[in-house]
Amino acid sequence: MRELALKKFWEERGAKFGELGGAQCVESFADAESEYKAIRNSAGLCDFSFMRIVEFPESDGIDYLDTALAANILKLRYGRIIDTFLCDENGKITAEVFVANIDDKVFAFTESLTDSAEILGEGGNAKDATKDYAIFSVDGPKAWEVARDIFGSDIFNLPYLAIEKYDFEGDCAYLMRNGKTGEFGYSFVVPSAKAEAMAQKLCQAVENAGGALCGTKAHAVARLESGFFNIYKEGALVGDPIALGLQWMADFSKASFSGSEAVYKVREEEAKAKITAVEGSGVEKGAALYDGDKKIGEVITSTKSVSLGDNIGLALMDSECAYPSLELSTAPGGEVNARTVTRPMTVSESLIKGMQQ
């Protein structure tokens, strides 16, 4: 397992560690509920250096990545980010990839199921830059305050899925607006030599905003509520991007990409089952879902929602039943204790408050 570079730094602040895709991560600090509230009400700081980074020269990287990834990378403009996925030869998703074009470089920031140096590293003059950078995610309705305190008011010009470069203590740092919690979200990417200095500044800025340190556990709850894909949860369990509802990450007019033959076949034949959001006391991982006496799905991932006060999750449902408003039971002919719902399941504070000065 690849160890987190700032392990000691976070350990001194009470971090508890876990693992994502073969890389160490900070799973939590105090407790996941208070960390979740920081993300929803103010700002939460999470070390995202478990992600793998592959760097390409722009001239080679865009063409190469277009052959590998599902999206149309040829359309990626300077200063912008594309959110897409990588499949294996069988059409099963192996990584979610944020491709960013900045400063004559193209970066592929991957959340992958394996911490392999070969992820996207077989062409395009690729360089494994994972150890060269640290990544910090700040999410919440006051996350913009943190970004402003670090890089100045220029951050107000940064739209969603955009990247900009800034000076940080004499080195080039990058700020991406690519949050996945439904709130304002920014990724701070800095050279490894400046990782601790940036972590210290972010800790102070988050505290000033009334926020807190948080781990991947709280982050995952907010991600689920807001309808964002999680490669480590439903991605690992389902695999099929069509069943997962990830069509928006792909360009199906492309002749091919990695695993496209299998993906196109499923799309043409239509997936037999699809992911649907569910809520209720019976929503527990592994629970069967019944419409009367007929089994129509199974809960594949679940958690307790602080804001909704109930269990929420995702179920793999028969395609003809994969829509909201169904009242279901976890036993044949049983009482209703689960229902299918629309996503996002919560209304984010960021949409309500905006960037209030």
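Axes are lines fitted to C-alpha atoms, for helices over the stretch in contact, and angles run from 0 to 180 degrees between N-to-C directions. Helices (H or I, at least four residues) and strands (E, at least two) are DSSP runs, numbered from the N terminus. The model is predicted: local features need pLDDT of at least 70, side-chain atom pairs count only at pLDDT 80 or more, and totals for chains, interfaces and linings use all residues. Residues are numbered from 1 along each chain as its sequence is written, and side-chain values use heavy atoms, with hydrogens and water left out.

**Helix packing**
- Helix 2 (residues 32–41) packs against helix 6 at an angle of about 55°, and their axes are 8 Å apart.
- Helix 2 is therefore oblique to helix 6, given that angles under 35 degrees count as roughly parallel, over 145 as roughly antiparallel, 65 to 115 as roughly perpendicular and the rest as oblique.
- In the contact (heavy atoms within 4.5 Å), Ala32, Glu35, Tyr36, Ile39 and Arg40 of helix 2 meet Lys217, Ala218, His219, Val221, Ala222 and Glu225 of helix 6.
- By class, this contact has six nonpolar, one polar and four charged residues, where Ala, Val, Leu, Ile, Met, Phe, Trp, Tyr, Cys and Pro count as nonpolar, Asp, Glu, Lys and Arg as charged, and the others, Gly among them, as polar.

**Cavity**
- On a 1 Å grid over the protein atoms alone, a cavity is a set of points where a 1.4 Å probe fits but cannot get out; a pocket is an open set with protein on both sides within 12 Å along at least five of seven lines; lining residues have an atom within 4 Å of a point.
- One cavity of 30 Å³ or more is found in the whole structure, a volume being the space filled by probe spheres set on the points, which are joined across faces, edges and corners.
- The largest cavity holds about 120 Å³, and its lining comprises 15 residues, with Phe48, Met51, Phe98, Asn178 and Ser187 nearest its centre.
- Strand 9 (133–139) is among the elements that give two or more residues to this lining, and its three residues are the most from any element.

**Pockets**
- Helix 6 gives the most to the lining of the largest pocket, seven residues.
- The second largest pocket has a volume of about 300 Å³.
- Its lining has 24 residues, of which Gly227, Leu244, Gly245, Ile275 and Arg343 are closest to the centre.
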